[in-house]
Amino acid sequence: MTFKSLRRAMLKLQACIRGARLITFDVTGTLLNFSRNPVVLYMEEAEKRGFKTDLKLLSNNFKQSWIEQNERFPCFGARHQMHWTEWWTKLVIKTFEGTELDEISLLCIAEALIEKFKSPLCWNLENGSVELLDFLRDKKKAIGVITNFDPRVYTILDNLSMLSRFDFVINSYDVKFCKPERQIFDSALLKCSGLKPWEAVHIGDSFHFDYKPPKLAGWEAILVNQDDSMKNIPRFNSIQNLKLFIEECFK
């Protein structure tokens with residue numbers, strides 16, 4: 001993207017932000033990040049019960065299990081009448097394949113981990129997140145969350161004093177649609193009376209889940225990540241920098 005084309009894109013983005021009635025956010029990787037590698041927490045729960053495990057093995061198992069679970073039982077099992085806690089229990093058990101853990105220990109670990117990840121100790125707020133949300137609220141924007149998550153997202157946001165800053169939170173388990181499916185974005189439009197797609201902006205860290213799908217649905221979208229390979233897309237490398245940009249939109 002040339003300097004002139006980038007400037008045109010940024011000016012268009014500024015106009016979209018000023019005119020937007022609704023601005024939605026992804027959660028994990030955008031407003032929040034894990035405070036520690038989640039798989040390390042899996043290891044620690046096993047160690048509490050006297051089992052030594054290998055980080056590389058668990059990491060590979062987790063990655064593969066995550067892909068398989070989402071393909072077989074999308075939306076954390078909601079489309080298959082599976083409770084989301086069962087979905088996570090299956091994933092935890094698969095993550096520990098190839099270890100010496102017994103079934104009872106695995107079930108106890110799964111239960112402990114499901115509860116642990118509600119804790120604010122497992123999460124870091126991105127710098128500028130609170131200030132950005134408060135600024136948008138001051139500008140009378142409706143603010144929402146669209147996330148591929150289970151219902152724990154409400155507790156997590158509440159524990160971080162974030163829940164009250166949103167007009168609504170849409171998680172994929174409850175609506176039975178997940179990003180990149182258009183329906184999850186359409187469900188957000190219904191939260192605001194008479195809202196048109198071009199009056200909405202979605203902000204997230206993934207091109208596949210947070211940028212391309214809302215653009216195809218007629219929204220504006222903003223990427224926030226540190227992937228320098230995305231040369232032809234207006235992108236911010238942090239929420240803090242996005243906050244500064246949005247503040248400039250209203251000067």
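I started with α7: its buried residues pack against β2 (32–34), α4 (84–95), α5, β3, β4 and β5 (168–171). Packing here is contact, meaning heavy atoms within 4.5 Å. Buried is under 20% relative accessible area, exposed over 50% and partly exposed in between, with a 1.4 Å probe and protein chains only. Helices (H or I, at least four residues) and strands (E, at least two) are DSSP runs, numbered from the N terminus.

Before going on, a note on provenance: this is a predicted model, where local features need pLDDT of at least 70 and side-chain atom pairs count only at pLDDT 80 or more, while totals for chains, interfaces and linings use all residues. Residues are numbered from 1 along each chain as its sequence is written, and side-chain values use heavy atoms, with hydrogens and water left out.

**α7, continued**

Which residues of α7 are buried? I found Arg152, Val153, Ile156 and Leu157. Looking down the α7 axis, I see them fall within an arc of 135°, so they line one face of the helix. The arc is taken from the directions from the helix axis to the C-beta atoms. Just after α7, I noted a positive phi of about 60° at Ser161.

**Phe149**

I then stepped back to Phe149, in the loop between β4 and α7 (152–159). Phe149 counts as buried because its relative accessibility is 10%. Leaving out residues up to four places away in sequence, I get Thr28, Phe76, Trp123, Ile156, Asn171, Ser172 and Tyr173 as what Phe149 touches.

**α6 and α11**

In α6 (residues 129–138) I list Ser129, Leu132, Leu133, Phe135 and Leu136 as buried. Down the α6 axis these fall within an arc of 160°, so they too line one face of the helix. They pack against β1 (22–25), β3 (123–125), β4 (142–147) and α11 (239–249). Lys140 follows α6 with a positive phi near 65°.

How do the axes of α6 and α11 cross? They come within 9 Å and cross at roughly 25°, which makes α6 roughly parallel to α11. Axes are lines fitted to C-alpha atoms, for helices over the stretch in contact, and angles run from 0 to 180 degrees between N-to-C directions. Under 35 degrees is roughly parallel, over 145 roughly antiparallel, 65 to 115 roughly perpendicular, and the rest oblique. I have this crossing of α6 and α11 as left-handed: the near helix is turned anticlockwise from the far one by less than a right angle, and clockwise would be right-handed.

The axes of α2 and α3 (residues 55–72) come within 10 Å and cross at roughly 120°, so the pair is oblique. The crossing is right-handed. On the α2 side I picked out Val39, Val40, Tyr42 and Met43, and on the α3 side Leu55, Leu58, Ser59 and Phe62. By class, I get seven nonpolar, one polar and no charged residues for α2 with α3. Ala, Val, Leu, Ile, Met, Phe, Trp, Tyr, Cys and Pro count as nonpolar, Asp, Glu, Lys and Arg as charged, and the others, Gly among them, as polar.

Last, I checked α2 (residues 38–48) with α5 (residues 103–116): axes within 10 Å, crossing at roughly 135°. That makes α2 oblique to α5.
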